[in-house]
Amino acid sequence: MSPSKLVYLIAVAVLLGSACDHKSNASGGKGGAGGMATGTGGSAGTSGGGGSGGWPPPGPPYGRCVICGDGLLDPGEECDDGNTAIGDGCNSICQVEANWECTGGRYCVKVSFCGDGIVTSDETCDDHNVSDGDGCSADCQRIEPGWYCPVPGRSCRPIENPASAVDAGATCDGGELCPPTCGNGVVEAGEECDDGILDGSYGGCTAKCSFGPHCGDGMVNVNGGEECDNGADNGADLGEYSCTVACTKRHFCGDGNADGDLGEECDLGELNGQPQQGCDKDCRHVALPPNCPI
C-alpha cells in the first residue's frame, strides 16, 4: 500500500471517531460511548453526560404564566371567560360572580331572573311575574306604594287603612260603618288583615285578624325562608347587619360575594386588601405581577 493511501485511511478513521464522540456527548437521553442507556434520562457513560429526564414538565404551574383573562382555567381561578370585564359572570380576578354559574369555568350564564319567584341579591321583590301595579314593580327593583310583600317570592298585598271606612266588598246600612266581622275575607275597620283562613301561618292572618309571622315583624322566620329581619330597619344600610325588605341578607363589599351588578370588580371577603390578593378593601381590582412559577 502506498504511503499516500495509508495517510488517507488514517484521516478518515480520525474523522469518524470524532463524529461518534460528538454524538455521545450531545445526547441528553442516552449514555456516553462507554455506558449503557437506562431510564428516561439515561446514565452517564465514560465520555457522555446523563440526561435531564424531561424536567420541568410542560403546563401549569410550569412552563407559562397564569393570567386571568386568557381563556385558560388555571389553578387558583374559579373561571376564565377570556376577558376581565365585570357583570358577565366571571370578574376581573377570575372569580364567579353572584347569581351566575360558569360551566367548564368559561361559559357563564345568569341563574336569576325577575319573575322567577326567587328574591336574589340584585332584586327587592319577586312575585312570580313582571307586571306593574301588583305590589312588585315589573323589574323587581321596588315595592310599589300602598303595597307590602309579607312572603318573599309570593304575591304582594295592598296595605289597608283601618281608619278608613270599609274595604270594597263590605256592605252596611244607613251609611254607618259595619261592625268588623273577622273571618269574612274583607279587611274592615280595626282589622290588620282578613284572609278568610285565619290559620296564623307565615304571611297569613291570625284568628284575631292580626298579622301572622311575616317579613318585617322583626323576627327571623326560618320556616318562611327568611335570612334576616330587622323589622322597620329592613332596607337600611347597616353594613354587615343589613337586611333587605325581602328579608334576605344584603350583599356588601367584604361578604365574599362578587356582585358585578352592584359594581364590585371583586370580593374576597376577609382577604380584601391583603398582600398579593388582587382585590382591595373597596372591592376594586388591584393589578399584580404575572404569576410565572418559572
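## Pockets and cavities: terms

On a 1 Å grid over the protein atoms alone, a pocket is an open set of points with protein on both sides within 12 Å along at least five of seven lines, whereas a cavity is a set of points where a 1.4 Å probe fits but cannot get out. Lining residues have an atom within 4 Å of a point. Grid points are joined across faces, edges and corners, and a volume is the space filled by probe spheres set on the points.

## Model and confidence

This is a predicted model, in which local features need pLDDT of at least 70 and side-chain atom pairs count only at pLDDT 80 or more, while totals for chains, interfaces and linings use all residues. Residues are numbered from 1 along each chain as its sequence is written, and side-chain values use heavy atoms, with hydrogens and water left out.

The chain has a mean pLDDT (the predictor's confidence in each residue, from 0 to 100) of 76, and 70% of its residues reach 70 or more. Residues 18-53 have pLDDT below 50, and this stretch makes 43 contacts (heavy atoms within 4.5 Å) beyond near neighbours in sequence. Residues 161-176 also stay under 50, with 17 contacts beyond four places in sequence. Where pLDDT is low, the predicted coordinates should not be read in detail.

## Largest pocket

The largest pocket has a volume of about 590 Å³. Its lining comprises 23 residues, and V66, C68, E77, I93 and L288 lie nearest the centre. By class, twelve of the lining residues are nonpolar, nine polar and two charged; Ala, Val, Leu, Ile, Met, Phe, Trp, Tyr, Cys and Pro count as nonpolar, Asp, Glu, Lys and Arg as charged, and the others, Gly among them, as polar.

## Cavities

Two cavities of 30 Å³ or more are present. The largest cavity holds about 60 Å³ of space and is lined by 14 residues, with C125, D126, C149, P152 and G153 nearest its centre. Nine residues of this lining are nonpolar, two polar and three charged.

The second largest cavity holds about 50 Å³. Among the residues that line it are W100, D122, D259 and D261. Its lining divides into four nonpolar, four polar and four charged residues.

Strands are DSSP runs (E, at least two residues), numbered from the N terminus. Strand β1 spans residues 100-103, with W100 and C102 on its covered face and E101 and T103 on the uncovered one. In a regular strand the side chains alternate between the two faces of the sheet.

Strands β1 and β2 (residues 107-110) pair in the antiparallel sense over four bridges; pairing requires that DSSP finds at least two bridges between two strands. C102 has C108 of β2 as its bridge partner. Three residues lie between the strands of this hairpin, in which G104 takes a positive phi near 65 degrees.

Notes. Buried means under 20% relative accessible area, exposed over 50%, partly exposed in between (1.4 Å probe, protein chains only).
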